[in-house]
Number of protein chains: 2
Amino acid sequence: MIATTPEPPYLAVVFSNQRTKGDQGYAAMAEQMIELAQTQPGFLGVESVRDPEGFGITVSYWKDESAIADWKANAEHTVAQRLGWEKWYAAFRLRLCRVEREYGMDSR
Amino acid sequence: MIATTPEPPYLAVVFSNQRTKGDQGYAAMAEQMIELAQTQPGFLGVESVRDPEGFGITVSYWKDESAIADWKANAEHTVAQRLGWEKWYAAFRLRLCRVEREYGMDSR
């Protein structure tokens, strides 16, 4: 699902990751984190996709750095991050980006 | 596959898209474009994932705006872009971003 975002500039967190084998509670927590993120001040949208080989990209969009810092420090999210480091991801990369411009084609 | 990129700053093009039904020559062209992009000056890496429902995110990383402009203007890529507008995508959004910082966990 493509996120509907405001006019740039705003921020994007590009989270590229490879899952370890087995669910280990991941799917439920991932769904919960997407729901929780949506309640955060400054949250603008999220796009998430994973292929059958366990490679995934989640891009979340935020109003400013302070919104991202608050989300990173959220208590429930902190637990999820720790489990990500400990068992859910075989590898990941998180890139904080400033969206400068955009264009696209709406659903046809 | 997580891209190995240099120290920020550099640029990212986040291309979020929903495929139309059927292949219509898409898979072969997509593979060809990934190969071609890798030969472009200023290309730093690419990460691409699509789920079974046809939603995909491709993030390509570039040295600077000029590298992105050259890639957008590449003759073969121009043909692919036109076919994307005409038949391959039901919707898409392309966001040009400046990567400001990053961190991650390498493969374990």
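Author: Let's start with B:A12, whose bridge partner in strand 4 of chain B is B:C97. Keep in mind that this is a predicted model, where local features need pLDDT of at least 70, side-chain atom pairs count only at pLDDT 80 or more, and totals for chains, interfaces and linings use all residues. Residues are numbered from 1 along each chain as its sequence is written, while chains are lettered from A and ligands numbered from 1 in the order in which they are written.

Reader: How do you know that strand 1 and strand 4 of chain B pair?

Author: Two strands pair if DSSP finds at least two bridges between them. Strand 1 and strand 4 of chain B are joined by 10 bridges and run antiparallel, so they pair by that definition. The strands themselves are DSSP runs (E, at least two residues; helices are H or I, at least four), numbered from the N terminus.

Reader: What does B:A12 touch?

Author: Leaving out residues up to four places away in sequence, B:A12 touches A:V14, A:R95, A:C97, B:V59, B:Y61, B:C97 and B:V99. Contact here means that the C-beta atoms, placed from the backbone, lie within 7 Å.

Reader: What makes a group of residues a nonpolar core, and which members of the largest one touch the most others?

Author: A nonpolar core is a set of buried Ala, Val, Leu, Ile, Met, Phe, Trp, Tyr and Cys residues joined through C-beta atoms within 7 Å. Buried means 20 or more other C-beta atoms within 10 Å of the residue's own; 12 or fewer is exposed, and in between is partly exposed. The largest core has 23 residues, and A:L11, A:A12, A:V14, A:C97, B:A12, B:V14 and B:C97 touch the most other members. Strand 1, strand 3 (55-62) and strand 4 of chain A, together with strand 1, strand 3 and strand 4 of chain B, each give two or more residues to this core.

Reader: How do you know that strand 4 of chain A pairs with strand 4 of chain B?

Author: There are 13 bridges between strand 4 (residues 89-105) of chain A and strand 4 (residues 89-105) of chain B, in the antiparallel sense. At least two are asked for, so the two strands pair. Within this pairing, A:F92 stands opposite B:M105, A:R93 has B:G104 as its bridge partner, and A:L94 has B:Y103.

Reader: Which strands stand at the edges of the sheet, and why?

Author: The order of this open sheet of 8 strands is 2(A)-3(A)-1(A)-4(A)-4(B)-1(B)-3(B)-2(B), with antiparallel pairing. Strand 2 (43-50) of chain A and strand 2 (43-50) of chain B each have a single partner strand, so one side of each lacks a neighbour in the sheet. On average, neighbouring strands are turned by 25 degrees against each other, direction ignored.

Reader: Why is the relation between the chains called a two-fold axis?

Author: Chain B can be laid on chain A with an RMSD of 0.0 Å by a turn of 180 degrees and a shift of 0.0 Å along the axis. That is the relation of a two-fold axis. The superposition is by least squares on C-alpha atoms of residues with pLDDT of at least 70 in both copies.

Reader: How do you know that the copies meet through the same surface?

Author: 100% of the interface residues of chain B are also interface residues in chain A, so the surface is the same. The contact takes 36 residues from chain B and 36 residues from chain A. On the side of chain B that touches chain A, strand 4 of chain B gives the largest share, 17 residues.

Reader: What makes the bond between A:P8 and A:P9 stand out?

Author: The peptide bond joining A:P8 and A:P9 is cis, with omega about 5 degrees. Most peptide bonds are trans. A:P9 lies in the segment before strand 1 (10-19) of chain A, and the bond from B:P8 to B:P9 is also cis, with omega near 5 degrees.

Notes. Contact = placed C-beta atoms within 7 Å. Axes fitted to C-alpha atoms, helices over the stretch in contact; angles between N-to-C directions.
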